[in-house]
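Please look through the structure below before reading on.

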Amino acid sequence: MSDVLVVAAHALRESLRRRVFVVVLVLTLGFGALYTWGATELFKDVSGFGNNEFGLDARTLAGATLLGLAMFGTLFLGAVLAVFLTLAAVRGDAETGLLQPLIVRPLGRNHYLAGRFLAAAAVAFAYVGAVYTGAVVVTGLAGDWWPERPVAAGLRLMLAVVVVAALSLLGSIFLSATANGIGVLMVFGAGLLAGLLGSIGDALNSHTLQSIANTASWVLPFEALYRDSLRLLVQNIPGVTGAIVQLGPLGGSHKAGPLLLPWIVVYVALVAAVGAFAFARRDL
């Protein structure tokens, strides 16, 4: 375990040296400022609206939509952070000569992979949790609207970025840093697009689109975690307002079922096993 922590600490020092955290901090501050400004102005605009003849609650609609968008933005920023922490973890470090001195006894390749994953997953997990919590607090203070299950929704969002970190680390074994970063972010976008197609399929009762979304949710489970977090955000909102917000921004809410969280554990373990197998056979 100490060897894994040594590698994790080395990875974090490298990220600090390359100013990864500085870039992420600047982007996060910009995102937070824009979100706070937008939430404040939107709730001012809807403050005079009452429930109309259709039973539409403007404040709830604004709050749920805003927070849903914030969750997408948070997941995207977290995915970018996870990718930047892992995109050059294996092949990139090998090409620059940083990897060879580390892969010596008693460290070993599996310890190296575990340490890199621990560093990226822990940082991305904490980052998403912090940004999501900030969005919940801003939404609550600006509009006096609070989701009923914020912890459960946030946990799923945080686990989603751990899955992205695992996939990015796996990709770094086979691809150069640039190719890996582009590839993982394209896979991330494809997964969310599949979720959006699933929402359209639910609305149109298209079994083909529903099948595409369901398959993607198992192959790329960060998408299922994201849609399940949206479900927890809006599932108890009644009436017309609930029907509208369940469509969700950039992909609708969807109940993933009780097997989702166990599957995440199995999925990450499978990715780790494939990564260990491929790394053991790679010539450094």
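In this predicted model, the accessible surface of the protein chain amounts to about 13,600 Å². Carbon and sulfur atoms account for 70% of that surface. The chain has 284 residues, and buried residues make up 46% of them.

The secondary structure is simple to list: the protein chain has 11 helices and zero strands. Its pattern along the sequence is accordingly written α-α-α-α-α-α-α-α-α-α-α. As for how the chain folds back on itself, consider contacts between residues at least 6 apart in sequence: 80% of these join residues at least 24 apart.

The largest pocket has a volume of about 240 Å³. Its lining consists of 15 residues, and those closest to the pocket centre are Leu113, Ala114, Phe117, Leu169 and Ala272. Which helices each supply at least two residues of this lining? They are helix 5 (109–143), helix 6 (150–174) and helix 11 (260–280). Helix 5 gives the most, with six residues.

Leu193, Leu196, Ile200 and Leu204 make a nonpolar surface patch of about 370 Å². One of these residues, Ile200, lies in helix 7, which spans residues 177–204.

Key: Residues are numbered from 1 along each chain as its sequence is written. This is a predicted model: local features need pLDDT of at least 70, side-chain atom pairs count only at pLDDT 80 or more; totals for chains, interfaces and linings use all residues. Side-chain values use heavy atoms; hydrogens and water are left out. Patches are made of residues with over 30% relative accessible area and no salt bridge: like charges are joined within 9 Å, nonpolar side chains (Val, Leu, Ile, Met, Phe, Trp, Tyr) within 5 Å. Accessible areas come from the Shrake-Rupley method with a 1.4 Å probe; for residues, only the protein chains shown count as cover. A salt bridge is a side-chain nitrogen of Lys or Arg within 4 Å of a carboxyl oxygen of Asp or Glu. Helices (H or I, at least four residues) and strands (E, at least two) are DSSP runs, numbered from the N terminus. Buried means under 20% relative accessible area, exposed over 50%, partly exposed in between (1.4 Å probe, protein chains only). Contact means heavy atoms within 4.5 Å. On a 1 Å grid over the protein atoms alone, a cavity is a set of points where a 1.4 Å probe fits but cannot get out, and a pocket is an open set with protein on both sides within 12 Å along at least five of seven lines; lining residues have an atom within 4 Å of a point. Grid points are joined across faces, edges and corners, and a volume is the space filled by probe spheres set on the points.
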